[in-house]
Amino acid sequence: MSSKGLLQRLNDGEAIIIAEGFMWELERKGYVKFGEYTPEVVLNNPEVFRSLHEEYAHAGSDVVEAFTYLGNRKRLRAIGIEEGLEELNRRALRMAREVADVTGSLMAGDISHTWYYQPEDPKAMEELRAMFKGPLAAIPVPFRCRGKYKTFQSLLDADTGDRLYPDNLSAQLCTRREVREFAVEAKALGVQYIGLCCGNSPAFFREVTDVYGRTTGASEYTTDHDKFLFKTDKKIESHMFNPVE
């Protein structure tokens, strides 16, 4: 990868693609807990998290981001490991640096989201916009947040009306095609800093890197519809794909 830093790449008109969403992927794998949302996996199962860094780099992430999200004193105190605060953050940063060096990627730290969003307060909103000023970025969650459902926390089950957050959101998870469509639109808008957050997976992320023209370690395994086995047998194809009346 390029030896240029983040700002230089952006100033040169290049795109930066970043894989985030560690929490959701690690919960699916069984290494973090919804409700606490803390990154203790860095202490308890560091090899698992290093592997996830490597998976995302393989899928084309330009940035290896340290998993320090919500690794603060208050959150760690709540789960009884406040004494591990410094070690957790240092280990997360060191792990990200090591994987970035091996893969030739950028390395980044991570901070928690802001609670400063106050749309009814013009002064607060002006200060908030200043905090997030720079090139246009898009790192959404890959869930179907549309219409009146502006956040993935608000999503409901279409059949039962039950709230899906946090552990039943797969009912509203985007498809790879939808992720790809998002990436196409973002690229057309000139989005330079792009990625996916909570709900991301290497499979989803490959759609973004492919749209942005990256050849990655995973590129050779892109789906080839012309080579499906059923293509050689029309009876099997008909049985598999035609609905039963």
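One aromatic cluster is formed by W24, F34, Y37, F143, F152 and Y165; rings of Phe, Tyr and Trp (its six-membered ring) pair if their centres lie within 6.5 Å. The model is predicted, so local features need pLDDT of at least 70 and side-chain atom pairs pLDDT 80 or more, while totals for chains, interfaces and linings use all residues. Residues are numbered from 1 along each chain as its sequence is written, and side-chain values use heavy atoms, without hydrogens and water.

By this pairing rule there are 13 aromatic pairs. In one of them, the ring centres of W24 and F152 are 5.5 Å apart and the planes stand at 45°, so the pair is tilted (planes under 30 degrees apart count as stacked, over 60 as edge-to-face and the rest as tilted). W24 belongs to helix α2 (residues 22–29) and F152 to the loop between β4 (137–138) and α8 (176–189), so the pair ties together parts 128 residues apart in sequence. W24 is buried, at 6% relative accessible area, and F152 is buried at 9%; buried means under 20%, exposed over 50%, and partly exposed in between (1.4 Å probe, protein chains only). F34 and Y37 also form a tilted pair, with 5.9 Å from centre to centre and 35° between the planes.

Helix packing can be followed in α4 (residues 46–59) and α9 (residues 202–211), whose axes lie 9 Å apart at an angle of about 30°. This makes α4 roughly parallel to α9, since angles under 35 degrees count as roughly parallel, over 145 as roughly antiparallel, 65 to 115 as roughly perpendicular and the rest as oblique. The contact (heavy atoms within 4.5 Å) involves E55, Y56 and A59 of α4 with P202, F205, R206 and T209 of α9.

Note on methods:
Axes are lines fitted to C-alpha atoms, for helices over the stretch in contact, and angles run from 0 to 180 degrees between N-to-C directions. Helices (H or I, at least four residues) and strands (E, at least two) are DSSP runs, numbered from the N terminus.
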